[in-house]
Amino acid sequence: MAEPILSLGGLCKSFGALRATDDVSLDLRPGEIHALIGPNGAGKSTLIKLIAGELAPDAGHVRFGGRDIGGLDTAARARAGLARSFQVSSVIPEFSVLANVVLAVQGASGASFRFFRRALRDPHLTGPARAHVAHAGLRGREDIAAAALSHGERRRLELAMALALKPRAFLLDEPMAGMGAEGARAMTEILSDLRSQAPILLVEHDMDAVFALADRVSVLVYGRVIATGTVDEIRANAEVRASYLGEEA
Ligand SMILES: Nc1ncnc2c1ncn2[C@@H]1O[C@H](COP(=O)(O)OP(=O)(O)OP(=O)(O)O)[C@@H](O)[C@H]1O
């Protein structure tokens with residue numbers, strides 16, 4: 001089996017007396033979508049923050065690309081290839097889709113922003129930017145101002161910008177949130193393709209999307225992983241059904 005890109009071992013985080021993360025160990029392997037599900041307050045967002053470096057664990061480790069990244073701050077983790085999308089966004093609303101992605105490509109290359117007009121004509125920047133736009137499902141929307149995009153398209157733009165960082169793994173916190181059925185279906189297709197670029201740790205409440213996408217699912221309840229398995233295994237798991245999915249699953 002391929003070496004995991006991301007692995008968590010014995011992670012713990014308490015807020016006062018509350019154990020939000022309780023001895024969590026799981027991993028993310030190349031090419032997969034690993035979904036993290038669980039009831040409200042189960043600790044999903046806390047876990048994502050521990051991985052991204054926004055919170056420090058009380059115990060345990062986060063390994064990424066074969067090394068312990070516990071000592072790295074959020075920015076250093078992002079530079080190392082851990083892409084966290086849909087939370088912080090540097091989209092410039094007045095700029096076109098392509099210009100926003102060109103800026104992201106330019107930023108990722110470490111170049112200065114002074115010659116932005118020239119950047120928009122530089123094929124070394126526009127070539128990759130157009131490819132990221134296409135991968136994120138926005139082909140044909142390159143010249144539209146970001147401000148004019150629908151909510152779902154804006155998320156796709158953020159994905160395109162995240163791709164510019166050449167991520168080695170995605171942490172996606174509720175990418176379907178606030179989308180209608182059509183938007184969620186489109187995003188499901190995009191994420192399905194995206195896993196070939198970099199594996200995805202996906203926190204999502206939309207169970208249709210999770211069951212359609214996930215190669216593996218981990219179920220968090222009260223900060224603990226109560227089960228990890230394929231979609232079929234998770235649907236058949238009596239403890240999961242009792243504590244989370246209910247009988248309709
Ligand atoms: N900064 C904080 N200080 C105190 N308690 C916190 C803090 N952040 C989270 N919690 C608590 O930790 C628990 C886990 O919260 P978390 O947001 O990680 O859950 P979640 O699974 O992401 O929930 P949801 O599905 O509703 O987004 C909750 O009981 C929450 O109230």
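Here is a walk through the structure, from its domains to its sheets, its ligand shell and a pair of packed helices.

Before we start, keep in mind that this is a predicted model, in which local features need pLDDT of at least 70 and side-chain atom pairs count only at pLDDT 80 or more, while totals for chains, interfaces and linings use all residues. Residues are numbered from 1 along each chain as its sequence is written.

Let's begin with the overall layout. The protein chain is assigned a domain 1, made of 1-81 + 167-249, and a domain 2, covering 89-166; such bounds come from an automatic or database domain assignment. Taken over C-alpha atoms, the centres of domain 1 and domain 2 are separated by 27 Å. Where they touch, domain 1 supplies 13 residues and domain 2 supplies 12 residues, with contact meaning that two C-beta atoms, placed from the backbone, lie within 7 Å. On the domain 1 side, helix 7 (residues 181-194) gives the most, with five residues. Helices here are DSSP runs of H or I with at least four residues, strands are runs of E with at least two, and both are numbered from the N terminus. That side of domain 1 has eight nonpolar, four polar and one charged residues. In this scheme Ala, Val, Leu, Ile, Met, Phe, Trp, Tyr, Cys and Pro count as nonpolar, Asp, Glu, Lys and Arg as charged, and the others, Gly among them, as polar.

Strand 1 is joined to strand 2 by eight bridges, and Leu 11 stands opposite Val 24 in strand 2. These two strands form a hairpin with two residues between them, and Gly 16 in the turn has a positive phi of about 60 degrees. Strand 1 also pairs with strand 4 over five bridges in the antiparallel sense, with Leu 8 opposite Val 62 in strand 4. Strand 4 (residues 59-64) then meets strand 5 through two bridges, where Phe 64 faces Arg 67. Here too there is a hairpin with two residues between the strands, and Gly 65 in its turn has a positive phi of about 60 degrees.

The other open sheet has six strands in the order 6-7-8-3-9-10, and its pairing is mixed. Its edge strands are strand 6 (82-85) and strand 10 (224-229), and the twist averages 20 degrees from one strand to the next. Strand 3 (residues 33-37) and strand 8 (residues 200-203) run parallel, joined by four bridges, and His 34 stands opposite Leu 201 in strand 8. Helix 1 (residues 44-52) packs on this sheet, touching strand 3, strand 6, strand 7 (169-173), strand 8 and strand 9 (216-221), and its direction makes about 150 degrees with that of strand 7. Angles run from 0 to 180 degrees between N-to-C directions, and axes are lines fitted to C-alpha atoms, for helices over the stretch in contact. Helix 10 (residues 238-245) packs on the sheet as well, touching strand 9 and strand 10.

What surrounds the ligand? The shell is made of Phe 15, Leu 18, Ala 20, Gly 38, Asn 40, Gly 41, Ala 42, Gly 43, Lys 44, Ser 45 and Thr 46, where a residue is near a molecule if its C-beta atom, placed from the backbone, lies within 6 Å of it. Helix 1 gives the largest share of this shell, three residues. By class, the shell has four nonpolar, six polar and one charged residues.

Finally, look at helix 3 (residues 97-108) and helix 5 (residues 123-135), which pack at an angle of about 115 degrees with axes 8 Å apart. Among the residues making this contact are Val 101 and Val 105 of helix 3 and Leu 125 and Ala 129 of helix 5. The residues of the contact divide into nine nonpolar, three polar and one charged.

How values were computed: Two strands pair if DSSP finds at least two bridges between them.
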